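Have the sequence and the model at hand while reading.

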Amino acid sequence: MNRYFFECFVEQIYHFEALDNKLLKKLKPGKNVVFATVSDDNNDKDKEDKRGTYKNQVLVKFENKKLGVLSVEDSNKMLPFLQEGWIKLFSGKICSVHDKDDENKRIKIVVYINKR
């Protein structure tokens, strides 16, 4: 069993792909998300623009689409490990989706530390 680490919201969803209607319909509690850094993300057309803006934040991805980022405070808990290549240390699950809330409060996730 993976160990609970913390809960947080996915932020800046308007700047990423979370508002795609097909993707939004798939976002349900219990679905898995993965984490990456901007420098690890090779599929970003606007990589140069986002590299500076989100360099201190963790990207949240679902089905290889970028949902948004974690806040700087939440990212600081994970970023040192991700930058060292420990990408498999963390896993995440969606715990709630509210399509009418504020941009930074629509998608809530739980972050786990994976068991070895």
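## Around F6

K77 sits over the face of F6, 4.3 Å from the ring centre. Keep in mind that this is a predicted model.

F6 also takes part in ring pairing. The structure holds five aromatic pairs. One of them joins F5 and F6 in an edge-to-face arrangement. Their centres are 5.0 Å apart, with 65 degrees between the planes. The pair counts as edge-to-face because its plane angle is over 60 degrees. Ring pairs also build a cluster from F5, F6, F81, W86 and F90.

D74 is another partner of F6. This residue belongs to helix 3, which spans residues 72–83. Setting aside neighbours within four places in sequence, D74 is in contact with F6 and C8.

| Residue | Relative accessible area | Class |
|---|---|---|
| F5 | 30% | partly exposed |
| F6 | 6% | buried |
| D74 | 11% | buried |

D74 counts as buried because its 11% falls under the 20% cut-off. F6, at 6%, is buried because it too lies under 20%.

## The cavity

The largest cavity holds about 30 Å³ of space. Which residues line the largest cavity? They are I13, L19, L24, V97, D99, R106 and I107. By class, the lining has five nonpolar residues, no polar ones and two charged ones.

Technical notes: Residues numbered from 1 in each chain as written. Predicted model: local features only at pLDDT ≥ 70, side-chain atom pairs only at ≥ 80, totals over all residues. Heavy atoms only, no water. Phe/Tyr/Trp six-rings, centres within 6.5 Å; stacked < 30°, edge-to-face > 60°. Buried < 20%, exposed > 50% of the residue type's maximum accessible area, 1.4 Å probe, protein only. Lys NZ or Arg CZ within 6 Å of the ring centre and 35° of its normal. Helix = DSSP H or I, 4+ residues; strand = E, 2+ residues; numbered from the N terminus. Contact = heavy atoms within 4.5 Å. 1 Å grid on protein atoms, 1.4 Å probe; cavity = no way out; pocket = protein on both sides within 12 Å on 5 of 7 lines; lining within 4 Å. Points joined across faces, edges and corners; volume = space filled by probe spheres on them. Nonpolar A, V, L, I, M, F, W, Y, C, P; charged D, E, K, R; others polar.
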